[in-house]
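Please read them with the structure open beside you.

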Amino acid sequence: MSMVDKPTPAPNLPAPRSARNARRSNFELYSWLFMRISGIVLVFLVLGHLVIMNILDGGVQRINFAFVAGRWSSPFWQIWDLLMLWLAMLHGGNGLRTVINDYAERPGTRFWLRTLLYVAVIFIVALGTLVIFTFDPNIA
Amino acid sequence: MWSWVLQRITGVAVFFFLFVHVLDTALVRVSPNNYDLVIASYKTPIVNLMEVGLVGAVLYHALNGIRVILIDFWSKGPRFQKAMLWVIGIVWLVLMVPGAFFMLKHTFETLFGSTS
């Protein structure tokens, strides 16, 4: 009974704290949030794009250079396509990063697959952006 | 669990299409002829059928993505997750049947002759 009343304190124990590394980053939290926010925006951008390009007014059969030139003469569709390109590539790139992390188990495989993915994403985003901004309807 | 597997498969498939699609669209920067030549392959019956598959994959990914957001952020989301899977299945069918009809209309007409 006296032992319960008067516990002997252990000497030199550090104060209790949460099991958390002070330098842990919140990157995975932000990428999780980004997938949901970009996903909602992409529902409108991508489904709108698919309905216009594949279903309305003859669908894919009417698409040619002149059709693209007509659309990109309007800043509205340029901004639409630019936003769609960036959000879709980052959303898809982050999705593939998750898939690689889940299934590629050897550290070397993970490293090279992720490097290949990042190079591909940067290349496609840069190429697509360049094409939208430097499009010339009177190209030879 | 299968809705999650399908979300991954459709996501990866759409990513690879997007990669190719930015490359083919970049041909507008090369010449109108080059672009029109490659886009002509999109208008052939087999690729046209693959486009229906692409739209179906994107539509499932979008609808199930909205369902995942509702499960994460809506207080009643987890309770209705199964019911919502049925709802997106029905919405998918309701949108895909007329969508596939209009997408394949031209292909049917070239293969089997115009009905009008």
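**Notes on the two-chain model**

1. V99(A) is partly exposed, because 17 other C-beta atoms lie within 10 Å of its own, and a residue would need 20 or more to count as buried. The model is a predicted one, and this comment, like those below, should be read with that in mind. V99(A) is placed in helix α4 of chain A, and, if its neighbours within four places in sequence are left aside, it is in contact with R8(B) and V12(B).

2. Turning to the interface in general, 31 residues of chain B are in contact with 32 residues of chain A. On the side of chain B that touches chain A, the elements giving two or more residues are α1 (2-25), α2 (32-42), α3 and α4 of chain B, and among these α1(B) gives the most, with 9 residues. Sorted by class, that side of chain B has 19 nonpolar, 6 polar and 6 charged residues.

3. The largest nonpolar core has 18 residues, of which A88(A), M89(A), L18(B), V55(B), V58(B) and L59(B) touch the most other members. At least two residues of this core are supplied by each of α2 (27-55) and α4 (75-103) of chain A and α1 and α3 of chain B, and the largest share, 7 residues, comes from α3(B). As general background, nonpolar side chains tend to be buried together in soluble globular proteins.

4. Within chain B, how do the axes of helix α3 and helix α4 cross, and at what angle? The axes of α3 (residues 45-73) and α4 (residues 81-112) of chain B come within 9 Å and cross at roughly 160°, which means that α3(B) is roughly antiparallel to α4(B), since angles over 145 degrees are counted that way. The crossing in which α3(B) passes α4(B) is right-handed, and the contact of α3(B) with α4(B) has, by class, 19 nonpolar, 6 polar and 2 charged residues.

5. A last point concerns the backbone at D57(A), where phi is near 55°, a positive value in a residue other than glycine. Most residues other than glycine have a negative phi. D57(A) is placed in the loop between α2 and α3 (65-72) of chain A, and it counts as exposed because it has 9 C-beta neighbours inside 10 Å, where 12 or fewer is the cut-off for that class.

How values were computed
Residues numbered from 1 in each chain as written. Chains lettered and ligands numbered in written order. Predicted model: local features only at pLDDT ≥ 70, side-chain atom pairs only at ≥ 80, totals over all residues. Axes fitted to C-alpha atoms, helices over the stretch in contact; angles between N-to-C directions. Helix = DSSP H or I, 4+ residues; strand = E, 2+ residues; numbered from the N terminus. Parallel < 35°, antiparallel > 145°, perpendicular 65-115°, else oblique. Left-handed = near helix turned anticlockwise from the far one by under 90°. Nonpolar A, V, L, I, M, F, W, Y, C, P; charged D, E, K, R; others polar. Contact = placed C-beta atoms within 7 Å. Core = buried A, V, L, I, M, F, W, Y, C linked by C-beta atoms within 7 Å.
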